[in-house]
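Trainee: Please take me through this structure term by term, setting each value against the definition behind it.

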Amino acid sequence: MPYTPFRFIVLHSLKFKESGIIVKGYSSLSGIETLFLRGQGKKNSRHSISLLHPLSILNIVTSSRTFGEMKTIKEFEPAYKLRSIREDIAKTSIALFISELLSVTLMEKEKDDKIYSFIQKSILELENIETGTANFHLLFVIRLTEILGYLPEIPRDTTGMLFDIPSAGYQTNYKKDSLRDTHSTQTTQFSIEQSNLLKQLSHTPTQQLGSVMIPRKSRVEFIESMLQYLRYHSGYKIECESLRILHEVFE
């Protein structure tokens, strides 16, 4: 019985001894899945680890053989070349962050066509974006909250209001002390600047990200606050090591 090809978005790959690679990703067939690729130690291997970069989108056929509980990859090829993500250091850094974030937030998620479509669409948008690249990961995290079921409630008029993490909405009854440290574990509200930025970015199409001018410090504080928001509502310990590298790239 022939095996049906399926799409697979790579989140992380790890070399296993000298003979293979363990590949974790999001499958169009089964959601989060870990596969095994044999034969990487052979000089004449037809496969290349360079094709398994974070967020690469592959067409995969699995074999009847398994490696432990993992299915093994029989054949694979890139569904899209994604040259810009591989060659642009800014986009590569964003891809690393996104793949790491997805690995944590989707680890218990089963197959979901909406999630797969969201990830693939986001990858292709990152590949094709020409201006506003430094803001892309900010918009991605906001959109991810909707996929995970934690989309912030943003009223039309937020004048004099701050975004409140526990209620996932904007409030007027805030304490001035909460503005001192906008991303510590003690605060439960965004600063005025971050609250305004959340609303602005939520209504900004990807192709218009270049029109949103955000200072580096504000960008760093905003993404940290959004991760705090995700931690609070998901219950996951979300720590992305790649975020430090990303901040350095856009410094």
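Mentor: Let us begin with strands: helices (H or I, at least four residues) and strands (E, at least two) are DSSP runs numbered from the N terminus, and two strands pair if DSSP finds at least two bridges between them. The model is a predicted one, in which local features need pLDDT of at least 70 and side-chain atom pairs count only at pLDDT 80 or more, while totals for chains, interfaces and linings use all residues. Residues are numbered from 1 along each chain as its sequence is written, and side-chain values use heavy atoms, with hydrogens and water left out.

Trainee: What makes β1 and β2 a pair?

Mentor: The definition asks for at least two bridges, and β1 and β2 have eight, in the antiparallel sense, with His 12 standing opposite Lys 24 in β2. The two strands form a hairpin with three residues between them, and Lys 17 in the turn has a positive phi of about 50°. Strand β3 (residues 31-38) also pairs with β2 in the antiparallel sense, over eight bridges, Gly 25 stands opposite Glu 33 in β3, and a hairpin of three residues joins β2 to β3.

Trainee: Why is β2 called largely enclosed by the rest of the structure?

Mentor: Buried means under 20% relative accessible area (1.4 Å probe, protein chains only). Six of the eight residues of β2 (residues 20-27) are buried, so the strand counts as largely enclosed. Across the protein, buried residues make up 49% of the 251 residues.

Trainee: Why is Phe 136 called buried, and where is its place?

Mentor: Phe 136 has a relative accessible area of 2%, against a limit of 20%, and is therefore buried; its place is in helix α4. Contact means heavy atoms within 4.5 Å, and, not counting residues up to four places away in sequence, Phe 136 touches Ile 94, Ile 98, Ser 122, Glu 125, Leu 126, Ile 129, Thr 206 and Leu 209. Phe 136 and Thr 206 are 70 residues apart in sequence, yet 7.4 Å apart in space, C-alpha to C-alpha.

Trainee: Which residues touch the most other members of the largest nonpolar core?

Mentor: A nonpolar core is a set of buried Ala, Val, Leu, Ile, Met, Phe, Trp, Tyr and Cys residues joined through side-chain atoms within 4.5 Å. In the largest one, of 57 residues, they are Phe 97, Leu 101, Ile 119, Leu 201 and Phe 222. Elements that each supply at least two residues include β1 (6-16), α2 (89-105) and α6 (216-234), and α4 gives the largest share, nine residues. Apart from this core lies another, of twelve residues, among them Ile 21, Val 23, Leu 37 and Phe 76.

Trainee: Why are α5 and α6 called roughly perpendicular?

Mentor: Axes are lines fitted to C-alpha atoms, for helices over the stretch in contact, with angles from 0 to 180 degrees between N-to-C directions. Angles of 65 to 115 degrees count as roughly perpendicular, under 35 as roughly parallel, over 145 as roughly antiparallel and the rest as oblique. The axes of α5 and α6 come within 10 Å and cross at roughly 80°, and the two helices are therefore roughly perpendicular to each other. Their contact includes Leu 197 and Leu 201 of α5 and Phe 222 and Met 226 of α6.

How values were computed: Buried means under 20% relative accessible area, exposed over 50%, partly exposed in between (1.4 Å probe, protein chains only).
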